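Here's a quick tour of a two-chain model. Have the 3D view open as you read.

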Amino acid sequence: MEPVLKDFDLDGMSVDQFVGYDNQGWLSKEPPAGIPVPRNLRRIADDPHKMSTEHFLLNVGPSHPSTHGALREILELNGESVMSSEAHVGYLHRGIEKLCESRQYTHLAPLMDRADYAGGILPETALAHAVENLAEIEVPERAHWLRAIAAEVNRIASHFLWLGPLGLDSGAMGPFLYMVRDREILQEILESLTGQRIMFNYVRPGGVFGDMTPDAEAKLRKWLAEADRRMDEHWDILAASELFQQRVKGIGVVSKEMALSMGATGFVARASGIDWDLRRDRPYGPYSKLDFDVKIAQDGDIWSRVVVRYDEFRQSIRMLRQLLDGLPEGPFMAKLPRVLRVPKGESYGYVEGCRGEIGIHIYSDGGTKPYRVRYRPPILYHLAMADTLLPGGMIADAIVTLASFDFCFGEVDR
Amino acid sequence: MNPWATGIIHTLLLIVIMLLNGSMIIYMLRKVLGHLHLRLGPTELGPGGILQLVPDIVKLLVKEDRHPGTTDRWLYIIAPVIVFVPALMAYIAIPFSDKLIGFDVNLGVLMLFGFLTVIPLGIFAAGWGSHNKYALIGAMRAVGGAISYEIPLLLSALIPIMLAGSFSLKAITMAQTTSIWYWLPAFPAMVIFFICSIMETNQSPFDMSEAESELVSGFNTEYSAMRFGFMYLAEFSNNFIMAAIMVCLFFGGWSLPFIDPNSMGVFAPIVFIIKTYLVIFAFMFVRGTFSRYRVDQMLAFGWKKLMPIALVYSVVVAFFVKLISMKTGGGL
């Protein structure tokens, strides 16, 4: 029997030896001798009669107003305080990596939209990078710039969809609706540019689907003209509020060591003092020609992440102005054969995604379809930190900490 | 007139007032919070969407009255009643004008607070009887909040009582017609009372027992249909009662400055209700603006900030009231 994941090394074991657990958290069967069982699994499977009577298990999710998709978090509570926590993922698994194996290289972009449903342009771009590297496609300069414009617009839209719900989870309903107002404008710009609101299918190997439209450019210039004022307003309405600061300062602290050892990227790493941004340090597309800063915060708490991300908004706005003014002329799509044949080999395409490094690793056996695709979801690595961050806080802290990582479960579960 | 008939008419009148107030606050919630949040609220049914209430209430009334199998049946059934009845009874001591008052007991303020203190008991019964972990946490929070916020609430209500020299809401209102309204001399008390009222009525930023983003829906997670409606009606009614007490204690009740209180006539209840809804409007502004406290922060705020301030301020006011009454030989 072959495992579904082709790159999984069974190391002489058969699939039947793996121990699963049912939806109650109980082990599906007794683990055979010699098979290691994760510590947290063993704890849940303990006899309930031997458990301490003071603590109770609260099952937060997978359908809970604040789990942002389908996260199931088992919290062991002592009154209001969290004693231990355990994240369960996989409720939104649609087998996107496996589906990629049955589609042509030019047909993979829609699956990427469905993986990261908040910022679809970015994994599309990472995929295009991977395919272009392998097939050695020369991409026109204008296509790179159009990709960057779409990506930055989408990044701002995705960040709004993080900051607003962070306010919602801390109990402030108003800021969310103010941010949705601005996000709606950005969605209209993306709709005008790509023809779709969420499932863009815009960035393809070799270039982009369509050229810049006058409507999109006019709307974008109009929004950029007042973007700084809007961002000041968003700061005042949520982050400047002392009640909100009380809720986020010193909560969910990711230390620099932890961020490095757990593979944190993007804003989580930058909020913990790691000076790393793929757009600056491993530039792709037009980013080496743009003038922008990378904000670093040292504390690693939620407040640092808010500060870092507010600056990302501002830098994206700065970049968009430069991108619109410097957009080069030329074709927006390379000449490609109707059926793209990619030579044997493997390649890794990456972008600085909305939430961290999005990487697409493609293994090709020389056909028209990939042999194996691996999607690196940045949030999965951040989620892995949650089990060590939540204990010691309260329920409310746990909810806000989870919200501060900007989960997108389409991406985590794929 | 037959005393039974009068009693029945009074009770029916109270229920009508309560229902009207409920619909008014639902409409205000939608429109005031809506405009604070850049949305319009209902617009389609009737002028300004005002008839939207009708299908909403009909929906609550005709929904299936279901309750989950694992609940503590009697607690689950009786909890909305425990929440609803005190909220209804509290109306009888509110002076809408010098004549329009259900029952002018001379300990009116105490009676009102006595009724309101029963409500957390009902919330606790709802949370316990629901057999739901979220509901249980919400219920515990409601009790913890009620204990820590009712003390500063009562202490701050004590200041207008000391200034007027009476526990009767009517007498406190009348005392403010001859002197200034008490919000000025009792400004810190007014602020504390306002904050504690928000807590007492379970509104953001103190909506601990509901805390939608954490506890799904808190103590009323398992409730639906009209039982849920009763919970909400009681909450809206509490809103009105707290605002009305605040108007009586600090904003001169049904009186207006520079107008002879005896010549107000039919305008007195209208003035009173307008003032009350202005206070509710202020509640909603707070509700639409801030994020929620964490439960330990909320308790710390109540015990470490509000209570000492209220305590010290009441001692100071008591001292001055005594000083002045020794000089003049009477009240203020």
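## Where the chains meet

Two residues are in contact here if their C-beta atoms, placed from the backbone, lie within 7 Å. Keep in mind that this is a predicted model. By that rule, 27 residues of chain A are in contact with 21 residues of chain B. On the chain A side, the elements that give two or more residues are strand S1 (56-60), helix H5 (141-169), helix H6 (174-194), helix H8 (242-248) and helix H14 (395-404). Sorted by class, that side of chain A has 14 nonpolar, eight polar and five charged residues.

## Chain B overall

Chain B has 11 helices and zero strands. Its C-alpha trace spans about 65 × 50 × 45 Å along the principal axes.

Buried residues make up 44% of the 332 residues in chain B. Of the contacts with a separation of 6 or more, 79% are between residues 24 or more positions apart.

## A look at helix H3 of chain B

Helix H3 (residues 73-89) of chain B has 17 residues, and at 1.5 Å a residue these should span 24 Å; the end C-alpha atoms are 25 Å apart, which agrees. There is also a kink of about 30 degrees at B:Ala79, shortly before the proline B:Pro80.

Both B:Ala79 and B:Pro80 are buried, and the buried residues of H3(B) also include B:Tyr76, B:Ile82, B:Phe84 and B:Met89. What do the buried residues of H3(B) pack against? Their partners are helix H4 (108-129) and helix H9 (225-250) of chain B.

Key
Residues numbered from 1 in each chain as written. Chains lettered and ligands numbered in written order. Predicted model: local features only at pLDDT ≥ 70, side-chain atom pairs only at ≥ 80, totals over all residues. Helix = DSSP H or I, 4+ residues; strand = E, 2+ residues; numbered from the N terminus. Expected span 1.5 Å × (residues − 1). Bend = angle between axes of the 7 residues up to and from the residue. Buried ≥ 20, exposed ≤ 12 C-beta atoms within 10 Å, placed from the backbone. Nonpolar A, V, L, I, M, F, W, Y, C, P; charged D, E, K, R; others polar.
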